[in-house]
Amino acid sequence: WSCPTSFTLDLNGYTLGGDLFNIGGGYYGTLTVISSRPGGALLTTVEMNSEDAVLIMGEGLDGITAMTGIVHIKGTLKINHGKYDQVHVSSSEKKTTELSGGEFVRIDVTAEGLTCADLLAPEYRYDGISYADAKVTSLENVTVVPCEHASLDENGYCADCGFHLVLSVEKDGVTKNFDTFEDAIRYAEQNEGCTVKLLQDVTLCRVNVGSLISNYYIYLKTGTYTLDLAGKTLTIGDGGESLQGLTVTGGCDLTVTDTVGGGKIKSSRWGEVFEVRSDGHLTIERGDYTELSRVLANGPDSLTIKGGEFSCVASREGSDSVSPFAYLADGCAFMLSSGAYANESNVKSEYISGRGTMYRIENVTVVPAPLTIDEQPTDIEFYLTSKEADKYVKLVISTIEEWRGKQFRMTFEKEDGTVIQENSVTAFDKQEISVSIVNFTASDSGSYRIKLEINGYVLYSDTFNITVAECL
């Protein structure tokens, strides 16, 4: 039987019989066999003998009481449902036969190097038979069922089905498991908003990243998804070869978090980096990056940091290089290992000839900012003869619990840093602060800002304009 098309054969509760149902060399499509009504039966021997053919034994075949035999010589055979007198596999290519269901009186494998265990689809098993015991060339009276992974070892290996659970991807409550980083990422790229979760420690190297690697970088180039470290360690490089790093680029929008605690991304002995290019975006919510050479960002808008511990956060040298403080999310601060808050004086710079200046900050943890400005000062315009109540700069400040009742310094200054007034203020949960400009005259008109300081932390308000007009 030969034809160049794909179609579904619906038995519709009836019986299709014959001596031999041959899928020959001229057929290069996909044939799916189902029964939309109970009782459908295929009473014949099916012979698969076309390299380009796919046969899928699909839905509705579970109720068949008569048995079907399949001889698999070439092509792809997928059995999801049904009852079979015999399945004989002589195909020489691994995984051209894939069993994800079905009841079998007998399975025989004569292809060199293959066993009955090799026929199983990922995360399926022979009921009551371990994966090791299925490494034989013949089994009788077996049923293929989904594996519940009741025999996982500490490395994520399941002795029941032979699958390594390394990562999972969850989308809309549906979870799919993967045994390589590459496969998980490729699936995530096609499922926007999903979460890739580490189930085991993962070391990224050429073996498990496959097509993600180019030259010496592992590239994440598309998709919007979250990587959950889940308390595990992601190591960039295996120490056996030189890798430059893991790079977010090409429109990929990646968020990294750690829902368990203790999760980390680290370098191997080559000092690899976790990098985001200007055409990608990386958000770091949680995680330990203290054993990573650096988190490196290109340009001012490619990186947002909401949490985590870091050995180094750097902005790559170039015309658009910025201070690492530009990457902090609103309400976040860098804290030094001393327990003091970091400020711009802790940023180091390094000029690289012909390329520009790199800015970096080292050995910091991202924590909630002690002070935040909830309502910014606004532009003020008044006449010398205006009411005194109209001559105040106002802003609303919130303080985290740790610093409530303690003093912070507030400086009213010009945009260029010229100090107008300094005060010590007691911090409360949320407070409105007023700064008097009652004595301002027309010559004092200009641009101003408010500077707040506590334990090394420095926060500037937005710049605002004060205009003092004289009556004519």
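**View 1. Leu371 and its partner across the sheet.** Leu371 has Thr399 of β33 as its bridge partner. Four bridges join β31 to β33 (residues 392-399), and the two run antiparallel. Here strands are DSSP runs of E, at least two residues long, numbered from the N terminus, and two strands pair if DSSP finds at least two bridges between them. This is a predicted model, where local features need pLDDT of at least 70, side-chain atom pairs count only at pLDDT 80 or more, and totals for chains, interfaces and linings use all residues. Residues are numbered from 1 along each chain as its sequence is written, and side-chain values use heavy atoms, with hydrogens and water left out.

**View 2. The open sheet β31-β33-β36.** Its three strands come in that order, with antiparallel pairing. At the edges sit β31 (371-375) and β36 (430-436), each pairing on one side only.

**View 3. Tyr289 meets Phe310.** Rings of Phe, Tyr and Trp (its six-membered ring) pair if their centres lie within 6.5 Å; planes under 30 degrees apart count as stacked, over 60 as edge-to-face and the rest as tilted. That rule gives 11 aromatic pairs. Tyr289 and Phe310 are stacked because their ring centres are 5.0 Å apart and their planes at 10 degrees. Tyr289 lies in strand β24 and Phe310 in strand β27, 21 residues apart. Tyr289 is buried (under 20% relative accessible area, with exposed over 50% and partly exposed in between, using a 1.4 Å probe and protein chains only), at 1%.

**View 4. A charge over a ring.** The charged end of Lys221 sits over the ring of Tyr219, 5.3 Å from its centre; this label needs NZ of Lys or CZ of Arg within 6 Å of the ring centre and within 35 degrees of the ring normal.
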